[in-house]
Amino acid sequence: MAGAIRPFREDDIGQAAELHRSVFGTGPSMSPGLRDLYDGYFRQVFLSHPRQREDLPSLVYEEGGRVMGFAGSVPRAMRMHGRPVLARLTSQFVVDPQRRGLVGVKMLQAMLNGPQDLTVADESNTSSRRIWEALGGHTARLRSFTWIYPLRPCSAALSFVAGRGGVAGVLAGISAPVARSLDWLTTPIRMNIFRPAVPRLAGHEMDFETLLANLSSGLGRSLQPDHDRQSLEWSLGRAARFRGRGALRKVIVKSANQETAGWYISHSNPGGVEEVLQIFAKPTAAQDVFDHLLHEARLRGAAAVSGSFDPLFMESYVERRCIIRGGPWVLVHSRNPELTRAFQDGDVFFSRLEGEWCLHFR
């Protein structure tokens, strides 16, 4: 390996952006508009996080004055049985095709060897998983699933195809009116299959202060996030930027005596897939909160609802006949086996709001 791995700096943004564009294909060329988008993205996500730490930097691999590898790093504060845990979230790991292999392994090794207590990558592919496990990481299999509830099956299928882009995405968009007609025609057939139950509990929009207070209380898991005002505002702000996914909604669900039964945060997306960023419920109210989510999504015109797998809602997934599919992989690494075990056993509250979802480019 002729080059060197070092911390990511502001003057690396241009080269890191070009590397990202060339590998992930975010555009045929680096136009001025795309360059501005990249500049703002790298600054906000990897240089200006409210809890940014000099000892947990993003990394680059530089060879001959050229950036040929990038690994993003964002700090996450957590607590294990009330004790502080410093977590490191990795994202946007990209290496020039000419330098893949040893460079990628060395960059990940440098990331895992940092001063953090825990390292997490919750949107990983199979290739990354092999490297992580070779370096002592673990796969949280119970967390590496996605659930889908198809409210309007034909439209839902097209939405997932459209999300892949390319020619298939264009054809899916053209076929949308036909799918809506088929969904309408088959309503009597699927009435008892994909029509969500009327919720027993009521819900309403949740303000920021209430969400912060709820997340700061006990969440019933050994390992849970430790949000402060600045970091939560940052994550919600990042999520709200993804207008293509729909407006961000925060809903609190309450029992008849006005006690909090749970809440959920999702992207309202009429005609498309309503993606759930976070859902929480008291164990006795899990079905009620889940039913409220599905029912409200249908009223707003969503074709389907989807989210990350949470063992607390396993019975709800089964009862409501959700589709369960594998991936992406949730990978964890720690020198403390208690922390990795919490992820593997499902004894952790870790949603898309805490994970890589809010670190997406666009």
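**Group meeting: a walk through the model**

OK, let's start at Pro-328, which sits in the loop between strand S14 (323-326) and S15. Helices and strands here are DSSP runs, at least four residues of H or I for a helix and at least two of E for a strand, numbered from the N terminus. The bond joining Gly-327 to Pro-328 is a cis peptide bond, with omega at about -5 degrees.

Before I go on, some ground rules. This is a predicted model, where local features need pLDDT of at least 70 and side-chain atom pairs count only at pLDDT 80 or more, while totals for chains, interfaces and linings use all residues. Residues are numbered from 1 along each chain as its sequence is written, and side-chain values use heavy atoms, with hydrogens and water left out.

Now the overall picture. The protein has 12 helices and 15 strands. Of its 362 residues, 52% are buried; that means under 20% relative accessible area, with exposed being over 50% and partly exposed in between (1.4 Å probe, protein chains only). If you take contacts (heavy atoms within 4.5 Å) with a separation of 6 or more, 73% of them are between residues 24 or more positions apart.

So, what about the inside? In soluble globular proteins, nonpolar side chains tend to be buried together. The largest nonpolar core here has 36 residues, and Phe-42, Leu-118, Leu-223 and Phe-343 touch the most other members. By nonpolar core I mean a set of buried Ala, Val, Leu, Ile, Met, Phe, Trp, Tyr and Cys residues joined through side-chain atoms within 4.5 Å. Several elements give two or more residues to this core, including helix H1 (13-24), helix H2 (32-46) and strand S15 (329-333). H2 brings the largest share, 6 residues. Look at Phe-42: leaving aside neighbours within four places in sequence, Phe-42 is in contact with Phe-8, Ile-13, Ala-16, Ala-17, Leu-47 and Phe-70. There's also a second, separate core of 24 residues, and Phe-290 and Leu-293 are among them.

Ser-316, in helix H11 (residues 314-319), touches Ala-286, Gln-287 and Phe-290, not counting residues up to four places away in sequence. Is Ser-316 buried or exposed? Buried, because its relative accessibility is 2%.

Next stop, Leu-219, in the loop between H8 and strand S9 (223-225). Leu-219 counts as buried because its relative accessible area is 3%. Not counting residues up to four places away in sequence, Leu-219 touches Asn-214, Gln-224, Pro-225, Trp-263, Phe-280 and Phe-349.

Last, two loop residues. Gln-258, in the loop between strand S10 (247-254) and strand S11 (260-268), has phi near 70 degrees, a positive value in a residue other than glycine. Arg-321, in the loop between H11 and S14, has a positive phi too, near 55 degrees, and isn't glycine either. Why do we call Gln-258 exposed? Because its relative accessible area is 54%. Arg-321 is exposed because its value is 53%.

That's my tour, thanks!
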